[in-house]
Amino acid sequence: MSVDGHHHPAPMSPVEQRVAALQALLIERGLVPEGFIEEITHRYESEIGPMNGAKVVARAWVDPGYKQRLLAEGTAAIAELGLGGAEGDHMVVVENTPAVHNVIVCTLCSCYPWPVLGLPPAWYKDAPYRARMVREPRTLLAEMGCQLPGDTEIRVWDSSAEVRYLVLPERPPGTEGMTEAELAGLVTRDSMIGVARL
Amino acid sequence: MQGFGAVGHSPAEPAFHDRWEAVARALVVAVSSAVEASGGEFRHSIERMEPGHYLTSSYYEHWLTAAATLAVEHGLVTRSELEVRAGGRFPLSGPVLAPPVADAGPDIDEPRFGPGDRVRVRDWHPPGHTRCPRYVRGKTGVVVRVDGVHSVPDVEAHGAARRREPTYSVKFDAADLWGDGQRGVSVHADLWDSYLERP
């Protein structure tokens with residue numbers, strides 16, 4: 001609140017001015033229906049996100065038959081939980097084991113399995129991650145806090161065509177008594193990208 | 001491209017950091033649907049950004065630039081309208097350098113390769129859009145999966161023509177890619193049939 005009693009919003013940055021310019025022109029041409037922006041924002045902020053992938057992982061941990069289907073036919077098994085859609089039409093799930101660690105990247109842009117993980121975090125889309133995860137994954141994983149024994153095999157998956165990947169992390173020890181919902185609460189976004197182990 | 005520093009990683013990140021990012025994202029959907037842009041055409045409109053602008057701007061600024069570029073190229077708005085409304089310069093992506101694809105050639109329905117086959121990635125440098133990452137070109141790997149038949153982005157980015165081909169997941173030994181002796185690391189790229197040849 002300023003001395004004249006009126007609220008003065010912060011001046012728009014150049015990029016905000018450009019967004020506002022394109023938005024106004026498209027609205028004038030009838031290309032942005034009322035409520036369209038709010039609907040899209042709501043979908044990506046609230047309806048999709050890593051909580052969906054966590055349910056898939058927890059189900060696979062408690063149900064060996066489901067896990068088998070998930071690794072064999074990812075898209076169909078994920079659809080069993082009511083999940084699917086854009087950027088999830090061709091899902092491949094890769095399993096971490098004590099000997100093998102999987103990690104996902106998109107070197108060319110930002111491909112990511114939206115129905116199970118939501119929109120990708122900024123670091124996933126920025127040049128350092130995209131360049132370095134294929135060049136020196138062991139070093140980069142360690143830098144990001146994922147220290148692997150030297151003899152762990154690392155498999156990097158570059159989402160360069162239509163398949164989108166999900167990492168199935170190992171079930172942590174000491175979780176035998178937990179319910180499926182409790183297990184889902186342990187599963188992080190980073191563990192399903194493969195930049196962390198649980 | 002290499003030589004980047006640390007990844008600015010944080011475990012919990014919102015879908016959008018600012019309101020304008022969500023608006024930019026929605027505007028991409030509005031423009032893409034109005035001009036019926038293929039995935040290839042949309043991605044290429046980002047790749048055509050001036051390299052300095054691309055590397056120094058955020059992800060959603062890329063999307064904004066792509067949406068505005070496609071809107072201008074397809075006649076929805078003009079650049080001068082955008083600059084008048086924005087009250088300043090409105091950088092757009094550069095022109096398409098590759099000629100339009102008139103004849104896409106026949107679809108390929110049957111995979112040429114199967115799991116276990118050794119393949120080499122063609123070493124070529126197309127002037128337009130491609131989904132063949134540079135770091136695997138000329139390299140030899142092994143097919144680990146065949147993923148069905150999909151529209152070739154190199155074609156769909158450059159006109160109304162379409163060609164469909166099988167894609168494969170191809171496994172490369174990281175030491176072969178980078179020549180640095182790193183051990184126990186494989187990198188898999190997903191590649192269209194026409195990117196590959198028999199070694």
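**Exercise 1. State what share of chain A counts as buried, and describe the chain's make-up.**

Step 1. Of the 198 residues of chain A, 43% are buried, a residue being buried if 20 or more other C-beta atoms, placed from the backbone, lie within 10 Å of its own.

Step 2. This is a predicted model, in which local features need pLDDT of at least 70 and side-chain atom pairs count only at pLDDT 80 or more, while totals for chains, interfaces and linings use all residues. Residues are numbered from 1 along each chain as its sequence is written, and chains are lettered from A in the order in which they are written.

Step 3. Chain A holds 11 helices and four strands; these are DSSP runs numbered from the N terminus, helices being H or I with at least four residues and strands E with at least two.

Step 4. The C-alpha trace of chain A spans about 65 × 40 × 35 Å along its principal axes.

**Exercise 2. Describe the side of chain B that touches chain A.**

Step 1. Count the residues: 57 of chain B are in contact with 59 of chain A, where contact means C-beta atoms, placed from the backbone, within 7 Å.

Step 2. Find the main contributor: helix 1 of chain B supplies the largest share of this side, 10 residues.

Step 3. Sort by class: the side has 35 nonpolar (Ala, Val, Leu, Ile, Met, Phe, Trp, Tyr, Cys, Pro), nine charged (Asp, Glu, Lys, Arg) and 13 polar residues (the others, Gly among them).

**Exercise 3. Identify how strand 3 of chain A is joined to strand 4 of chain B.**

Step 1. Five bridges join strand 3 (residues 153–158) of chain A to strand 4 of chain B, and the two run parallel. Strands pair if DSSP finds at least two bridges between them.

Step 2. A:Asp158 has B:Ala189, in strand 4 of chain B, as its bridge partner.

Notes:
Contact = placed C-beta atoms within 7 Å. Buried ≥ 20, exposed ≤ 12 C-beta atoms within 10 Å, placed from the backbone.
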